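This report covers selected local features of one protein model. The sequence and the structure come first, and the notes follow.

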Amino acid sequence: DETRRLICDIGGGSTELILGRKATPEQLESLHMGCVSMSQQHFANGEITAAQFDAAVEHALVELEPISRAFVNTGWEMAVGASGTINAVNDVLQGLDESDHITPQGLALLRDKLVDAGRVEDLQFSGLADERKAVFTGGVAILCGIFEALQIKDMTTAQSALREGLIYDLLGRQQEDGARNRTVANLIEHYHIDREQGRQVRQSAVALLSQVAMSWELTRAEDLNSIGWAADLHEIGMDVSHSGFHKHGGYLLENMDMPGFSRPEQQLLATLVRCHRRKLQKSIFSDKPISVLRMVVLLRLAVVLNRSRSHDSLPHINAEASKHKLALSFPESWLAEHPLTRVDLQQEAQYLKTVDINLCIKQH
């Protein structure tokens, strides 16, 4: 439904906070604190004192301070906790005859029970697994900090977590790429990317890919998606600076939040955009599948063919590929009528030699 939800997930080394509606995130933050790291820093000796617990909560509040105001000002209708730590807190509170929701009052009771126990090995709570005892107190301290910083009055818990999310993601990709398409569309708008230029480059890249897909083993649907999204976003770095914008674009795509994209997918897009122009470094591709280099080559050529930004229709360009060779055949006289494109293609052939790709330009 359209309810705006706050989602909290306390992991071992980080804590994730998300605000959003349905499948669309509105704010996302990842904080450098987790139940393992917090427990190691504040309860490493196994003792649990009031002073140690309060220091851990203060640590969490310091981490939360830069983002809490934006979350509180936006607001939400429902707070939901996900994954092991928060579900463990909920189970323990239920064992203490509290409600089936997490509340500030319940967390205060749990804090007192932890301090009364005095040591990690003496924790005896119904619903707390032995393997979680060592990191439980640190997780509770983080959750207390979250409740205080974000002024949460009530939190429900969700049993679904990463495993179910992966299944949901895989099922969704069999039907549509809605989340990833929305992310790309949002980036185009946010970074003021020239939509028409991106569309032209996408068309050219897809046209080349369709002709060499079999010989260059780029037949997966994900290959088509990746080169299309890279074409849409190849000028994203221009919003930072026109000088070296391909480098800025690669950095942005590698480091920003991109809902719907897995980490490897995001890194692939970053590589395609980073390498779509200027000199190529062979070392970039040393640890990558050959498909990545081949997609880079096709995207670079699509950019070259549309560099004039005239948006006139291009002629049919015949493409044939073998292992280390790509031959492009143009209609007779077209290159003569477009001398700057011919020069760009000759320069591109020199760039591609550094990655062992022989680009051959012909006329038919």
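His192 sits in the loop that joins helix 7 (178-190) to helix 8. In this predicted model, the phi angle of His192 is near 55 degrees, a positive value in a residue other than glycine. Most residues other than glycine have a negative phi. His192 is exposed because its relative accessibility of 62% is over the 50% cut-off.

His311 belongs to the loop between helix 12 and strand 6 (318-322). With a relative accessibility of 31%, His311 counts as partly exposed.

Ser215 is found in the loop between helix 8 (195-212) and helix 9, and Glu235 in the loop between helix 9 and helix 10 (245-255). Is Glu235 buried or exposed? Glu235 is buried, because its relative accessible area of 7% is under the 20% limit. Not counting residues up to four places away in sequence, Glu235 touches Ile193, Asp194, Gln197, Phe245 and Arg309.

Ser215 has a relative accessible area of 36% and is partly exposed. The C-alpha atoms of Ser215 and Ser322 are 6.1 Å apart in space, while the two residues are 107 residues apart in sequence.

Arg5 lies in strand 1 (residues 4-10). Its relative accessible area is 24%, so Arg5 is partly exposed. Which residues does Arg5 contact, leaving aside its neighbours within four places in sequence? They are Ile18, Leu19, Gly20, Trp76, Met78 and Val80. For Arg5 and Ile18, the C-alpha to C-alpha separation is 7.9 Å, and the two are 13 residues apart in sequence.

The relative accessibility values are collected here.

| Residue | Relative accessible area | Class |
|---|---|---|
| Glu235 | 7% | buried |
| Arg5 | 24% | partly exposed |
| His311 | 31% | partly exposed |
| Ser215 | 36% | partly exposed |
| His192 | 62% | exposed |

The next topic is a helix pair. The axes of helix 10 and helix 11 come within 7 Å and cross at roughly 175 degrees. This angle is over 145 degrees, and the two helices are therefore roughly antiparallel to each other. On the helix 10 side, the contact is made by His246, Lys247, Gly249, Gly250, Leu253, Glu254 and Asn255. Helix 11 contributes Arg263, Gln266, Leu269, Ala270, Val273 and Arg274. By class, this contact has four nonpolar, five polar and four charged residues.

Helix 11 also takes part in a pocket. The second largest pocket holds about 320 Å³ of space. It is lined by 15 residues, and the closest to its centre are Pro264, Glu265, Gln267, Leu268 and Val292. Which elements give two or more residues to this lining? They are helix 9 (221-233), helix 11 (263-274) and helix 12 (290-305). Helix 11 supplies the largest share of the lining, five residues. The residues of the lining divide into six charged, five nonpolar and four polar.

Terms used: Residues numbered from 1 in each chain as written. Predicted model: local features only at pLDDT ≥ 70, side-chain atom pairs only at ≥ 80, totals over all residues. Heavy atoms only, no water. 1 Å grid on protein atoms, 1.4 Å probe; cavity = no way out; pocket = protein on both sides within 12 Å on 5 of 7 lines; lining within 4 Å. Points joined across faces, edges and corners; volume = space filled by probe spheres on them. Helix = DSSP H or I, 4+ residues; strand = E, 2+ residues; numbered from the N terminus. Nonpolar A, V, L, I, M, F, W, Y, C, P; charged D, E, K, R; others polar. Buried < 20%, exposed > 50% of the residue type's maximum accessible area, 1.4 Å probe, protein only. Contact = heavy atoms within 4.5 Å. Axes fitted to C-alpha atoms, helices over the stretch in contact; angles between N-to-C directions. Parallel < 35°, antiparallel > 145°, perpendicular 65-115°, else oblique.
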